[in-house]
Amino acid sequence: MMLTIVSCKNEKSSTVKLKHDHNKATEKVEEPKKKPLSPHTETMAMIGDAHIHIDYSSPGVRDRIIFGGLVGYDQVWQAGAHMATWLETNKDLIINGETLPKGKYGFFTIPSKGDWSVMINKNWEQHGKDEYNEKDDVIRFKITPTLSEEITEHLEYEVNKINDKSGTISMAWEKVKLEFPFAIKK
């Protein structure tokens, strides 16, 4: 007999085999957990008194062509795997000259061979990009990615402090890195 236990968050998943012998008590033997292919990950930082938090699933390259392959060019991407990546801030931020009010937002991109679009969207709680609607964008801007010869195997976000009033948010995966500055609104 085999019993599989799975949680919605992929945090606890294990397979339990029950050995049954009519002459003895049933014995439970736990098999090792499989590491998720796109583990749930988060990053956060304090910039002055602003707490910035990014929550995402971190897929791996695994010898695949990512941009222009797995993630198509010129199509909305949830900038992670599974659920949409979200960003939360407890203070108003200035990004690309626009105000992002404190709150929780979906983080989306449109990858391309040239400049990418970055969208910070009101709808943060959705599977992938299924319910993405451009009308819900709070901030939308273009950014030029930097390319590297080195591969970042797993999608990685960082919130970096420049000083108590500003910082950068970056996303790196495969050979691509996006990075943009923000400031804490006074």
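**Entry 1: Trp-77 and the core.** I began with the contacts of Trp-77 in this predicted model, and, leaving aside residues up to four places away in sequence, I found that Trp-77 touches Phe-67, Val-71, Phe-108, Thr-109, Pro-111, Trp-116, Lys-129, Leu-155, Met-171 and Trp-173. I then looked up the largest nonpolar core, which holds 35 residues, and noted that Trp-77, Ile-95 and Phe-182 are the ones that touch the most other members. Two or more residues of this core come from each of β4 (40-47), β5, β7 (93-95), β9 (103-110), β10, β11, β12 and β13, and β13 gives the largest share, with eight residues. Apart from this core I recorded another of six residues, including Phe-108, Ile-110, Met-119 and Tyr-132.

Entry 2: Which residues of β10 are buried on each side? I listed Trp-116, Val-118 and Ile-120 on one side and Ser-117, Met-119 and Asn-121 on the other, so that both faces are covered, in the sense that these residues each have under 20% relative accessible area. In a regular strand the side chains alternate between the two faces of the sheet. For the pairing, I found β9 joined to β10 by five bridges in the antiparallel sense, with Ile-110 standing opposite Ser-117, and I noted that β9 and β10 form a hairpin with five residues between them. β10 also pairs with β11, antiparallel and over six bridges, and there Ile-143 of β11 is the bridge partner of Trp-116.

**Entry 3: the four-stranded sheet.** I traced an open sheet of four strands in the order β8-β7-β13-β12, with antiparallel pairing. Its edge strands, β8 (98-100) and β12 (146-163), each pair on one side only, and I noted that neighbouring strands are turned against each other by 35° on average, direction ignored. Between β12 and β13 (residues 166-184) I found ten bridges, again antiparallel, and I marked Tyr-157 as standing opposite Met-171 in β13.

**Entry 4: aromatic pairs.** The count of aromatic pairs comes to ten. Why is the pair of Phe-67 and Trp-173 edge-to-face? I found the ring centres 5.8 Å apart and the planes at 90°, which is over the 60 degrees that this class requires. Phe-67 lies in the loop between β5 (50-57) and β6 (86-89) while Trp-173 lies in β13, so the pair ties together parts that are 106 residues apart in sequence.

Is Trp-86 buried or exposed? I have Trp-86 as buried, at 13% relative accessibility, whereas Trp-124 is partly exposed, at 25%.

**Entry 5: a lysine and a ring cluster.** I checked Lys-104 against these two tryptophans: Lys-104 lies over the face of Trp-86, at 4.1 Å from the ring centre, and its charged end sits over the ring of Trp-124, 3.8 Å from the centre. Lastly, I noted a cluster in which ring pairs link Tyr-56, Phe-107, Phe-141, Tyr-157 and Phe-180.

Key: Residues are numbered from 1 along each chain as its sequence is written. This is a predicted model: local features need pLDDT of at least 70, side-chain atom pairs count only at pLDDT 80 or more; totals for chains, interfaces and linings use all residues. Side-chain values use heavy atoms; hydrogens and water are left out. Two strands pair if DSSP finds at least two bridges between them. Axes are lines fitted to C-alpha atoms, for helices over the stretch in contact, and angles run from 0 to 180 degrees between N-to-C directions. Rings of Phe, Tyr and Trp (its six-membered ring) pair if their centres lie within 6.5 Å; planes under 30 degrees apart count as stacked, over 60 as edge-to-face and the rest as tilted. Buried means under 20% relative accessible area, exposed over 50%, partly exposed in between (1.4 Å probe, protein chains only). A charge sits over a ring if NZ of Lys or CZ of Arg is within 6 Å of the ring centre and within 35 degrees of the ring normal. A nonpolar core is a set of buried Ala, Val, Leu, Ile, Met, Phe, Trp, Tyr and Cys residues joined through side-chain atoms within 4.5 Å. Contact means heavy atoms within 4.5 Å.
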